[in-house]
Every structure is written in C-alpha cells, then in structure tokens.
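The sequence and the 3D view come first, and the text follows.

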Amino acid sequence: MDGQRLRALTPAVIGVLVRRGADPAAAEDAVAEAVLAALRRWPAGTGPDSGPDDPKGWLVTVAWRRFLDAQRSDVARRERELRVGAEPPPGPAQDRDDTLRLYFLCAHPDLTRASAVALTLRAVSGLTTRQIAAAYLVPEATMAQRISRAKRTVAGVRLDRPGSIDTVLSVLYLVFNEGYTGEVDLAAEAIRLTRGLAAAAGDPEVEGLLALMLLHHARRPARMRGGRLVPLAEQDRSRWDTSLIVEGIARLQAALAQDRLGPFQAQAAIAALHADARSAAQTDWVQILGWYDELLRLADTPIVRLNRAVAVGEADGARAGLVELEAVGADVPRRAAVEAYLREKGGDLAAAAHLYAEAARAAPDLPEREHLTRQAARLNQANRQRRDGR
Amino acid sequence: MAKYLLLKHYRGAPAAVNDAPMEEWTPAEIDAHVQYMNDFAARLERSGEFVDGQALAPDGMWVRSDGEGRPPVTDGPFAETKDLVAGWMTIDVDSRERAIELAGELSAAPGLGGKPIHEWLEVRPFLTEPPTVTE
C-alpha cells in the first residue's frame, strides 16, 4: 500500500476513533499501529492484492481493535470504560465532522501557538516527532515533550460545540510562514492541511487562506537566487508556478462569490493581482490599494497600514506614500525598509541609503539583512559615482 | 576531537585591518563575502568539522530576578554596549592548531575592495565531558 495515501487517511480515522470516545493520544497511537500493519500486510503496493478495497474502513476497524486492546490492557484506564457499541458506518457528513473536530482540537485555545502547531503536525499531518523537531530546529526530546504536554491539555476536552475557525486558520498560517528549511516542507504541509480543512469546512475564509498560500507558494521558485532574496518587483515571473496561480485565483473567486469577505480573502486578492501582472510595471496598484482599504476595514493593524503605505506610494506617488507612513509607529517591523523604498522612489538617495542600513540592523533573518545591506550599498555606490562624476 | 566556539563581535573586538561597515562596500563585494562565508561552512560540513552556526540580532537586554512574586528587572538594549556578540560557529576539530587555522581562514573573508577583512575572532574551547578512564 502507498504510505503517502495512508497518511492522508490518518486524520479522518483518528477523528472516527475520537468521536467513538477514544482520547486523541490513544487514538493516534492506535491509528499509527494500524498504518504499520497495513504496510506490513501489503508492502508491494501494486497488483490485484495491493490493499483492502476500502482502506479507510480497514484502518478504522484495525485501529479501533488496537485501541480497545490497549485500553483493556491499561489497568489505569479501566475505570474510564468505553462507550463501545456497534457504531453505524460513517457517512460523508460524519467524515467531515470528524475531520473538523480533529483540526479544532489541535488548535484548541488552551494551547500555546507552538503547541497547537506541533500537535496539528503530529495528529493531523501524521508527521513523526523527529520530523517535526527537525523542521523547527529543536531537539527531538523537546518536541516530544511539547507534543505530549499538548495532548494532556486537550485530553478530555469535549467538542460539542465547534470552536472558532479563526484559531485553526491562524495555526495553519503559522505553519505556512515557517517556510522551508529541512527535510519537511512546512509550506507544502500547511497547504495540504488547509486543503483538508477546506474540503471539510466549506468556509470562504478557509478558501481565502488556501488561495493566499497557493499564490505565495507559486512565487517560491523565483524568491531566492543563489541564496539571495529577490524582491517581488525583480522576480523572474516566468518561474512562477502557473498551475498554482490558476488554482489560487479560481478558489479565491469562488470564495468571494459567497459574499462573506474576511482578511484572508482580501490578502489573497492582493496576491492574485500581483500574480496577474505580466511585469512589475503592469501591476494594478489602484485595485491593490482598494483591497488594502478593505483589509484595513476588516483588520486595522500597523502591519496592514505599513503595507498599504507601499500601495499608496505606487498608486499615488512616493510623497503620498510617505504621508501615509507617518501614521505608522517607528517600532513596527520593516517600517525603515518601507520608508527607505519610498525615499529612493522620491529621489532622496542619501536618506534612503541611511534607512536601508538601519533596516538591515533590525532585520529578523540573514537573507533579509543581506538584501537590505546590499540595497544600502547600491545607493551609497550610486551616490559616490554621482559625486565623482561631477 | 574537541569543540571550539568561534565568536564574531559587532563591537568589542580589536579593530579589523580592513574595517568598514558593509553598507559602504559595493554590492558585488557583499556578494563575494556572503559566498565566502557559505562556502566556508559547506566545506566544514563536508570535512565533518561543522557543528552549528548562528547569527544574533544586535538588540538585546539584561534581565535579572527581582525576588519572588515580582516581575524580572530588565535593562537595555544599550546602544553603546562595549562587547556585543554578532554570532558564532561551533566546530569540532582534532586540535587547537586546527581551530586556530580555521578561525584564521574565516577572518580572511573578503570585504571592502575585495581585500580580506582580517577581523579578530574570539576562539573559545568548550569544557568537555569527564573522561571514562581516570587513572
């Protein structure tokens, strides 16, 4: 059997067990054992006897049996006797509910963000603790503790009412933004998780987040060149992944048609307008500014105001952008970089160089620091040449 | 094998021979420098001597306990801190001589005008685990 395919079934199967009364940690262990059993029984993965006709049903049956065995042998748990019974076979609607329940449980508000991320990757994605630890550059023992603490926190949580989907979305967005160091591609994993949620939830903001992820993921091949950060305006657009862009835009349009706008849909709309432009010069900044106005209405944050100032600078000129920037506090991350950009656009190269150097010192990662230092160096070089040429 | 920490300082080390802030280099000189650093780390990985490398942001602060039931006291960041670590590389090498040799190579990374920076790096041996055989 195909391990990848089995892994995709894991969340739904865990969901069934949880709904039948298993606590999530035990359910997860039981499902992991069932997956192993399937791989042992059908190792080849091809031919007529390549696996059960209904892999999910098979996994549920085996996992449930393993779970019961574990419960029976676990003296400490005997008091919590099980609500076993002949469960009706799950239908599609039941499936969706089970999957949703698992997403909500793993993003439970009682968990810290880091714990919610770890638990989601463990229980919904089915990644191993070692893989998650490697992705977040922490020792495996640390990650194992984080996950088991998270499991203890949510054990016994009853999910009679659905939680807030916003919490789930913010956890998935966090995974996506963690990027792509190490063997596990967290951005791709976040997309996979959001696809699963979108299929179960039917919520336009979930679609909006998925569209946003797809549109950003599409630019990934062009974002770095030889270890160097390439800003959007300078990216080789022929390297953008058009199939991801097409899917992202289609999903966004379907979501917008539901007329329940949210911040992720607005951000995806901005990303879609960038994706639509054949060249940086052809970018429709007026429409982008319109979406920033929507975004500001939905979520008025300093970061949105900062990004909006860039759009104003492009749509109405550097001076107008700088006026907008005055309302953004000096402590907002990347403010100096934005001001540097607008000052250069307005022709004040010396001030821009100074601001780029300041922005470089405050940069949160090395590629960004190097990029900003290079911008400062480029302007200083231009200033020197201008002086010497005179 | 013995582990050594190669420490790079924003401030606090004696002045480098070729001392100029990076934004005053040309973009091509910055590229050459970054390439040299990446190649250096990659070569140490291949030779099995690389352990870890991290960079630190310049902003930091001092923190100390202020007693039970009270929030910790913080101070800083200080713009003029005399000694400010910028980052480190941990290496695992056969000898002190090898550690010095590698630190020397790292210090020769190209800077302004494409010439080696000759910056001072601090080299600190790790304290080790106690040995099994003690007699």
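## Contacts between the chains and within them

A:R361 and B:E23 form a salt bridge, with 3.9 Å between their closest N and O atoms. Like everything below, this pair comes from a predicted model. Two helices of chain A, helix 18 (349–361) and helix 19 (366–389), each provide at least two residues of the side of chain A that touches chain B. Helix 19 of chain A gives the most to that side, with eleven residues.

The rule finds three salt bridges across the interface of chain A and chain B. Five residue pairs are in polar contact between chain A and chain B, both residues being at pLDDT 80 or more. On the level of residues, 14 of chain A are in contact with 14 of chain B. The two chains bury about 1100 Å² between them, and carbon and sulfur atoms give 57% of this area. Of the area that chain A buries against chain B, 33% is supplied by A:R369, A:T373 and A:R374, more than by any other three residues.

### Chain A as a whole

Chain A has 19 helices and two strands. It holds 390 residues, and buried residues make up 47% of them. Among the contacts in chain A between residues at least 6 apart in sequence, 61% join residues that are at least 24 apart.

### Helix 14 of chain A

Helix 14 of chain A runs over residues 285–298.

Which residues of helix 14 of chain A are buried? They are A:W285, A:I288, A:L289, A:W291, A:Y292, A:L295 and A:L296. These residues cover an arc of only 160° around the axis, which means that they sit on the same side of helix 14 of chain A. The buried residues of helix 14 of chain A pack against helix 12 (242–257), helix 13 (263–276) and helix 15 (302–316) of chain A. The face of helix 14 of chain A turned away from the buried side carries the exposed residues A:V286 and A:R297.

### Salt bridges

Side chains of opposite charge can pair when their charged atoms come close. Over all chains, a search of the whole structure finds 29 salt bridges. The table lists some of the pairs.

| Pair | N to O distance |
|---|---|
| A:D293 and A:R308 | 2.6 Å |
| A:E324 and A:R308 | 2.8 Å |
| B:K8 and B:E119 | 3.0 Å |

A:D293 forms a salt bridge with A:R308. This pair links distant parts of the chain, since A:D293 is in helix 14 of chain A and A:R308 is in helix 15 of chain A, 15 residues apart. A:D293 is partly exposed, with a relative accessible area of 34%, whereas A:R308 is buried, with a relative accessible area of 15%.

The side chain of A:R308 also meets that of A:E324 in a salt bridge. A:E324 lies in helix 16 (residues 318–325) of chain A and A:R308 in helix 15 of chain A, so this pair ties together parts that are 16 residues apart in sequence. A:E324 is partly exposed, and its relative accessible area is 29%.

In chain B, the side chains of B:K8 and B:E119 meet in a salt bridge. B:K8 lies in strand 1 (residues 2–11) of chain B, and B:E119 lies in the loop between helix 2 (96–107) and strand 6 (122–125) of chain B, so the pair ties together parts that are 111 residues apart in sequence. B:K8 is partly exposed, with a relative accessible area of 29%. B:E119 counts as buried, at 13% relative accessibility.

A network of salt bridges links A:R195, A:E207, A:E247 and A:R251.

### Helix 16 of chain A

The buried residues of helix 16 of chain A are A:A318, A:G321, A:L322 and A:L325. Seen down the axis, they fall within an arc of 100°, so they line one face of helix 16 of chain A. What covers them includes helix 15 and helix 17 (335–345) of chain A.

How values were computed
Residues are numbered from 1 along each chain as its sequence is written. Chains are lettered from A and ligands numbered from 1 in the order in which they are written. This is a predicted model: local features need pLDDT of at least 70, side-chain atom pairs count only at pLDDT 80 or more; totals for chains, interfaces and linings use all residues. Side-chain values use heavy atoms; hydrogens and water are left out. Helices (H or I, at least four residues) and strands (E, at least two) are DSSP runs, numbered from the N terminus. The expected span of a helix is 1.5 Å times one less than its number of residues. Buried means under 20% relative accessible area, exposed over 50%, partly exposed in between (1.4 Å probe, protein chains only). The arc is that of the directions from the helix axis to the C-beta atoms. Contact means heavy atoms within 4.5 Å. Buried area is the accessible area (1.4 Å probe) that two parts lose on being put together, summed over both. A salt bridge is a side-chain nitrogen of Lys or Arg within 4 Å of a carboxyl oxygen of Asp or Glu. A polar contact is a pair of N or O atoms within 3.5 Å; within protein, one must be able to donate a hydrogen and the other to accept it, and residues adjacent in sequence count only if both atoms are side-chain atoms.
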